[in-house]
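Lead sentences come first, followed by points grouped by topic.

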Amino acid sequence: MTRKTRNFVIASLVVLCAGVGTGLVAYFGLSTSAFTAAGGPDELRFLPSNATLVAFADVHQVMTSELRQKLRTAMPFTGDGQRSFEAETGINIETDIDRVVFGLTPSVDAGDRDGSSALVLARGRFDAVRIESFLRDKGATTEQYKGRTVFTPPTRSSPAAPPDATTVPPSAPPESHSTPSALVFLEPGLVGVGSPALVRRAIDLRDGGDSVMASEPIMSRVRDLENGNVWAVGRFDALTARASLGQGMMGQLPAITWFSASGQVDSGVRAVLKAETRDDESATGLRDLIRGFMALARMQAGSRPEFQSLFESVQLGGAGQTVTLNIDLTPQTLELLTGAMGRLPGPRPGR
Amino acid sequence: MTTRPPSFTASALRIFDLSLGQMLWSRRSIFLALLVGGPVALAIAIRVATALDLGSPRTPRPGGPVLFGLMVWLLYIRFIVPVLGVFYGTSLVADEVDDKTITYLFVRPIQRASILVGKYLAYLVCTALLVLPSLTMVYLLIVPIRGGQIGSTFPSLVADLAMLVVGLAAYGALFAWVGAQFKRPLVMGLVFAFGWEPGVLLFPGYLKRLTVAYYLQGLVPHAMPNDSATSILLRVVSEVPTVAVSLVSLAGITVVTLWIAGRTLARREYVLEQ
């Protein structure tokens with residue numbers, strides 16, 4: 001064999017081994033981000049490409065974090081939202097869910113409020129039979145869509161459907177003013193809850209398709225945030241529409257196009273909030289606005305050490321069209337803050 | 001003093017060593033490079049178009065794994081593997097006859113069948129070294145598109161790589177026999193690969209069992225596109241053999257045709273035209 005032939009054989013084997021090795025590494029769950037354009041949690045593939053906001057929370061990490069345990073002791077919360085979710089779906093957020101992905105798209109259901117539709121994808125350990133039976137008992141209607149059973153619990157504003165009712169055609173217009181949430185088991189251990197049209201779209205996307213992972217504007221920002229156990233990325237107009245900010249307030253804000261937030265919750269909280277503006281001038285304006293707000297807050301806080309410590313943990317930064325706010329709340333700062341909240345006038349919750 | 005002639009294996013390996021370099025650096029290799037480079041170039045173009053979000057919003061946008069399956073099916077199984085089999089397989093003996101160099105091999109103290117086996121091994125290594133890296137590169141470029149996961153689809157890559165090697169082996173052996181047995185083997189090979197096989201697969205009945213593609217598709221049913229009119233028609237009119245049946249049949253085709261080709265070469269008198 002000549003040297004030229006030997007070199008070719010070696011080069012070919014190197015390419016082959018590199019490719020197969022990459023696949024093998026990915027197969028065993030290690031990162032192959034150098035080859036993948038996607039990034040982000042796998043559940044993103046169930047969100048459509050026109051999503052304007054995506055958010056992620058590692059519920060298990062946050063729920064078991066030292067910070068949460070401390071907060072629960074200091075400020076026991078009522079958990080109304082959690083109970084309401086459990087009452088509607090039979091899913092216990094504390095025990096059943098590992099992580100959650102949330103997506104917001106422009107409205108796809110006629111009854112959606114705020115001009116947007118939402119979908120929550122929860123991965124965890126679900127007793128599908130128990131949850132399905134629970135939903136049927138609650139009067140949820142069922143619909144078969146591409147081999148998946150879509151459950152639609154009755155809305156509070158509309159009378160409950162009989163337990164044995166089957167189906168609302170996909171194209172049927174919603175009768176009540178608020179669109180009911182639908183629930184589907186997309187995969188073993190993955191539940192989708194949200195707007196019925198988005199739930200059906202998620203079922204469509206199971207075998208691939210035009211998911212949000214194909215949206216480079218969102219995914220490029222998601223890739224920057226992956227080191228946090230909670231994060232959110234979205235177009236700013238999607239956020240303001242949801243928050244129903246008044247025209248007056250909107251007029252005061254500089255022209256923000258995208259926002260992102262990423263946080264690591266453990267014994268403390270480390271978070272980065274980032275806003276991208278239309279131009280450099282808007283970014284400078286936003287930085288000035290935040291600086292002014294922080295100065296005002298410092299003046300209000302006076303010499304109280306817990307608030308001084310809080311302000312020291314916040315740093316404003318960014319360059320060009322980007323404005324960043326780095327927050328590093330250490331366990332000591334959080335202890336001071338929870339202590340200060342405990343000293344607030346009025347009855348302490350839980351006592 | 002007499003020396004013992006080399007064994008069948010030693011002869012085949014010597015021919016393999018000689019033929020591999022000849023195959024890799026022949027003019028045919030330019031064609032081969034274009035053939036296996038085409039899907040890689042296409043994959044790069046698709047990846048760039050996806051990144052730049054080109055194309056009409058109404059255009060169907062399948063996910064990466066679906067797209068990869070489509071490319072494996074249409075480009076590799078249906079086109080590249082048969083083409084390589086036809087062009088290289090038929091030339092293993094026919095080229096030596098056409099160049100009138102077969103005499104030099106026949107006068108060596110080696111078994112004639114070992115010439116064919118050595119050349120066949122060289123064909124298999126040469127084509128595998130080009131096709132398998134090409135498929136791997138296409139996989140890495142295409143699968144991550146629109147949410148595809150490299151990790152979850154890795155077993156299908158391994159199946160595809162193995163299937164391509166089995167396909168190259170079967171087509172190569174079949175066309176090596178065609179090259180050793182018949183005059184104008186290239187025409188016969190092209191008619192078989194692109195006339196007989198696609199035609200017969202579309203019709204119900206047993207004739208499809210006389211093709212290599214029928215057994216090859218049994219190894220990778222997942223790679224077959226299942227949303228086109230052709231695939232729906234194929235599913236209606238054709239049954240897909242099980243993996244075991246496919247493997248046994250392809251192994252049978254390879255061994256039997258290679259044995260016949262070796263036997264033909266050993267017994268046939270090649271008349272070289274002056």
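**Briefing on the predicted model**

Lys146(A) counts as exposed because 10 C-beta neighbours lie inside 10 Å. The model in which this residue is described is a predicted one. Chain B contains 10 helices and 0 strands, and 45% of its 274 residues are buried.

**Two residues with positive phi**

- Lys146(A) is not a glycine, yet its phi is positive, at about 50°.
- In chain A, Lys146(A) sits in the loop that runs between strand E4 (141–145) and strand E5 (148–152).
- Arg184(B), also not a glycine, has a positive phi of about 50°.
- The loop between helix H6 (150–181) and helix H7 (185–201) of chain B holds Arg184(B).
- Arg184(B) has 10 other C-beta atoms within 10 Å and is therefore exposed.
- As background, most residues other than glycine have a negative phi.

**Overall organisation of chain B**

- Read from the N terminus, the order of elements in chain B is α-α-α-α-α-α-α-α-α-α.
- Among the contacts in chain B with a separation of 6 or more, 87% are between residues 24 or more positions apart.

- Helix H1 of chain B covers residues 8–24, which is 17 residues, and spans 24 Å from first to last C-alpha, close to the expected 24 Å.
- The buried residues of H1(B) include Ser11(B), Ile15(B), Phe16(B) and Leu24(B).
- Among the elements covering the buried residues of H1(B) are helix H1 (3–27) of chain A and, from chain B, helix H2 (28–51) and helix H5 (112–142).
- Helix H10 of chain B, residues 243–267, has 25 residues and reaches 36 Å between its first and last C-alpha, close to the 36 Å expected.
- Buried positions in H10(B) include Ser246(B), Leu250(B), Thr254(B), Gly262(B) and Leu265(B).

**Packing against H5(B)**

- The axes of H1(B) and H5(B) are 7 Å apart, and the two helices pack at an angle of about 45°.
- H1(B) is therefore oblique to H5(B).
- H1(B) and H5(B) cross in a right-handed sense.
- Residues making this contact include Phe8(B), Ala12(B) and Met23(B) from H1(B), and Ile115(B), Gly118(B) and Cys126(B) from H5(B).
- H2(B) and H5(B) pack at an angle of about 5°, and their axes are 9 Å apart.
- H2(B) and H5(B) are roughly parallel to each other because an angle under 35 degrees counts as such.
- This contact involves, among others, Leu32(B), Val36(B) and Pro39(B) of H2(B) with Leu130(B), Ser134(B) and Leu141(B) of H5(B).

**Nonpolar cores**

- The largest nonpolar core has 83 residues, and the members that touch the most others are Leu116(B), Val138(B), Ile142(B), Leu164(B), Ala173(B) and Ala176(B).
- H5(B) contributes the most to this core, with 19 residues.
- Leaving aside residues up to four places away in sequence, Ala173(B) touches Tyr120(B), Ile253(B), Thr254(B), Thr257(B), Leu258(B) and Ala261(B).
- Another core lies apart from the largest one and has 47 residues, including Ala182(A), Leu183(A), Val193(A) and Ala214(A).
- In soluble globular proteins, nonpolar side chains tend to be buried together.

Methods:
Residues are numbered from 1 along each chain as its sequence is written. Chains are lettered from A and ligands numbered from 1 in the order in which they are written. This is a predicted model: local features need pLDDT of at least 70, side-chain atom pairs count only at pLDDT 80 or more; totals for chains, interfaces and linings use all residues. Helices (H or I, at least four residues) and strands (E, at least two) are DSSP runs, numbered from the N terminus. The expected span of a helix is 1.5 Å times one less than its number of residues. A residue is buried if 20 or more other C-beta atoms lie within 10 Å of its own, exposed if 12 or fewer, and partly exposed in between; C-beta atoms are placed from the backbone. Two residues are in contact if their C-beta atoms, placed from the backbone, lie within 7 Å. A nonpolar core is a set of buried Ala, Val, Leu, Ile, Met, Phe, Trp, Tyr and Cys residues joined through C-beta atoms within 7 Å. Axes are lines fitted to C-alpha atoms, for helices over the stretch in contact, and angles run from 0 to 180 degrees between N-to-C directions. Angles under 35 degrees count as roughly parallel, over 145 as roughly antiparallel, 65 to 115 as roughly perpendicular and the rest as oblique. A crossing is left-handed if the near helix is turned anticlockwise from the far one by less than a right angle, and right-handed if clockwise.
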